[in-house]
Amino acid sequence: MREVYVAGIGITSFTRLEYPLVEIAAYPGLMALRDSGLKKIDQLYVANMGSGRVNGQTGLASAVVDHLSLTPAGAVTIENGPASGASAIKEGFMAVASGMHDVVMVIGAERMREVNQLEATDFVATLTHPLAEYIYGVTLPSLAGMFARLYMEKYGVTSRHLAMVAVKNHHNAMDNFYAHLHEEITLEGILDSPEASTNNPYVADPLRFYDMCPVSDGGACLILVSADVMKKLNKPMIRLAGIGQATDTHAVHERKDPTYLFAVREAAKKSFAMAGVKPEDVDVAELHDAFTILEIAESEEVGFFKKGEGHIALEKGETKIGGKIPINPSGGLKAKGHPVGATGVGQAHEIVLQLRGEAKKRQVKNAKIGFTCNFGGFGNNVVCLTFIKEK
Amino acid sequence: MELNIYAYKCKRCGHIHYPYKTICKNCGENDHNEFDIVPLPKKGKLLTYTTLYNPPSDYEVPTLALGIVELEGGHRITGQLNIKNPKIGMNVEGKVEVVRKEAYNKHLGMVFYQA
Ligand SMILES: [Zn+2]
C-alpha cells in the first residue's frame, strides 16, 4: 500500500445553515482546494446520511462534483449512518493507497434542520432495527438512555460525571468559531441550582437535555493525496496512518454485555495496529459524544482508560486540554455539533488542525499523534482513524 | 388466542435468534437457512430502561417507557414498559399489544408489566 497524506482541509460552521445541501458540501471542498493549492482531483466521495429522505435529493456526489466544476472526476455518495464521514475517508484512503488515484476529495455534508427536531430524530431512528426496536418507538436518545442507566449502575458513573463531559466540551467549543453552541455552561446551572430541572430537563432518563448533541447542518472536507503529490505542496506532512472499522449486532439487546461497545474496541485496536502506535501514544482525540455517556464509554473502549475508569479520569481533568489525553478539543458532537453524515470528516478536520498546530486557543501543545472515533448506529458500525504528523 | 413474539431456533444447533437472521450466529449453518419458529417466553427481569420525554411524532403520548428485558432462558428483547416505578432487576411479564400505529398499519410487540 502507498502512504496517504492530508493535503487540504475545509469546514463550514456546524449550525443551522440557510443554504442548499449542495453548497454545504461544496464550500468546504473549495476551502480544502485553496488550502492544498490543488486545482484538480481524480475522485470525490461525499458522505451523507439523509439527503434522500430529509432534503428530497439523491445522487448528491454527482451534484457536488458539478457544483465544484471538478467534472469529469469520479464521484460517489457514501451512506453509512452517522459513521458515513469516516467511512468515506476510508474509501478515499483505499483509492490513494491502492495506487488507483493520486488526489481524492472526501466531503461530509448534512442538512438536517430543513425538518423539525422530531422529524430529524425520527429520521435518525430509522437506523435502529426495524422489527425489534423501531416499532417500539426506539430512538437513538432512548438507546443512549438505556445504555447510560446500565452503565451508571454497573460502574458508578453519576449524572455529575455526565454533566462534566458537557461542561468541558461546551467550554472547548467557545474557542471554536465553527462550533454550533457557543454557550459556556456550569455544573451549577445544569445540575445543582433550583433552575437546573428547567434548564436541563430529562430527555431519555437518566439523560437530560445537556447530555445530547444538537441537530446541526454542516459540511467538512479532507483532500487525501499520495506522497509524491504531497511533497510538491509544501504543507505539514500529516499522514493518515491507521484505519479500523468494526461492526456489532443491529439490535442492542443481542449484545452479551450491553455496556460494552465491542465495535469501538475492535475498530480502535485495528486502527492503532495499522498505524503502529498504542493508545497511550495518542496526544489528542475526537470521540463520538452524541451523548455524554458515550465519551466516557468510548474513552475506555479505545484503550485510553480501563473499563469503568473513564469517569474517574474525567473527574481528574485528564481529558481537558492540557490534561493527559485531551478529548474533543473542538467541542465534540456535544457542542461543535452533529451533522450526521459530516461528523466523521469534521472530527478528522479537527485532528489535522491540531497536528498542524493551527488550532489557536484550543491547541493541544506538541500534538503529533491524533485519533478519531466515528460511531454509527448505536455502536453497530464504527470507524476509527489514526493520524501522525511527520517531520 | 394468546399472542406471542416468535424467535428463530436453528435446526442444526438449537441456537435461538431474536430478531431473525439469515445465517445462524452460533454454528454458521448456511445450507438451507432452516429455523423453527418458537414463541419467546414472557416472564423475565428488567435489565435496563428509560423514559422518553419526546416520543416519535406518531405517538400521541407525552412520555414513552422503553426497556430491555432478560427473559427466562436468557434471551433478551426490547419492549415498551407499562410500569409505574421501574427498577433494574425487577420481575416483569409481557403481553403482546399494539406498540405503534401508522396510517394503515398497526404493529404488535411486547409490553411489559410488573410481575
Ligand atoms: Zn446453528
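What share of the contacts in chain B between residues at least 6 apart in sequence join residues at least 24 apart? The share is 45%, where a contact means heavy atoms within 4.5 Å.

The legends below describe a predicted model, in which local features need pLDDT of at least 70, side-chain atom pairs count only at pLDDT 80 or more, and totals for chains, interfaces and linings use all residues. Residues are numbered from 1 along each chain as its sequence is written, chains are lettered from A and ligands numbered from 1 in the order in which they are written, and side-chain values use heavy atoms, with hydrogens and water left out.

**View 1. Chain B is built from strands, with zero helices.** There are eight strands here, taken as DSSP runs of E with at least two residues, while helices are H or I runs of at least four, and both are numbered from the N terminus. Domain 1 covers 6-39 and domain 2 covers 43-114; these bounds come from an automatic or database domain assignment. The C-alpha centres of the two domains of chain B sit 25 Å apart, and the C-alpha trace of the chain spans about 50 × 35 × 30 Å along its principal axes.

**View 2. The largest nonpolar core holds 96 residues.** A core like this is a set of buried Ala, Val, Leu, Ile, Met, Phe, Trp, Tyr and Cys residues joined through side-chain atoms within 4.5 Å. Those with the most contacts inside it are Tyr136(A), Phe291(A), Phe304(A), Phe371(A), Phe378(A) and Ile77(B). Helix H6 (residues 140-155) of chain A gives the largest share, ten residues. In soluble globular proteins, nonpolar side chains tend to be buried together.

**View 3. Zooming in on Phe378(A) and its contacts.** Setting aside neighbours within four places in sequence, Phe378(A) touches Leu140(A), Leu143(A), Ala144(A), Phe147(A), Val252(A), Arg255(A), Phe291(A) and Leu294(A). There's also a second, separate core of 35 residues, with Ala88(A), Leu224(A), Ile238(A) and Ile243(A) among them.

**View 4. Two cis peptide bonds, Thr71(A) to Pro72(A) and Tyr18(B) to Pro19(B).** For the bond joining Thr71(A) and Pro72(A), omega is about 10°; Pro72(A) is in the loop between helix H3 (60-67) and strand E3 (74-78) of chain A. For Tyr18(B) to Pro19(B), omega is near 0°, and Pro19(B) belongs to the loop between strand E2 (16-17) and strand E3 (35-39) of chain B.

**View 5. Positive phi at Ser69(A) and Asn366(A).** Most residues other than glycine have a negative phi, and most peptide bonds are trans. Ser69(A) has phi near 50° and sits in the loop between H3 and E3 of chain A. Ser69(A) counts as exposed because its relative accessibility is 59%. Asn366(A), with phi of about 55°, lies in the loop between helix H15 (343-356) and strand E10 (369-376) of chain A. Asn366(A) has a relative accessible area of 63%, so it is exposed.

Terms used
Buried means under 20% relative accessible area, exposed over 50%, partly exposed in between (1.4 Å probe, protein chains only).
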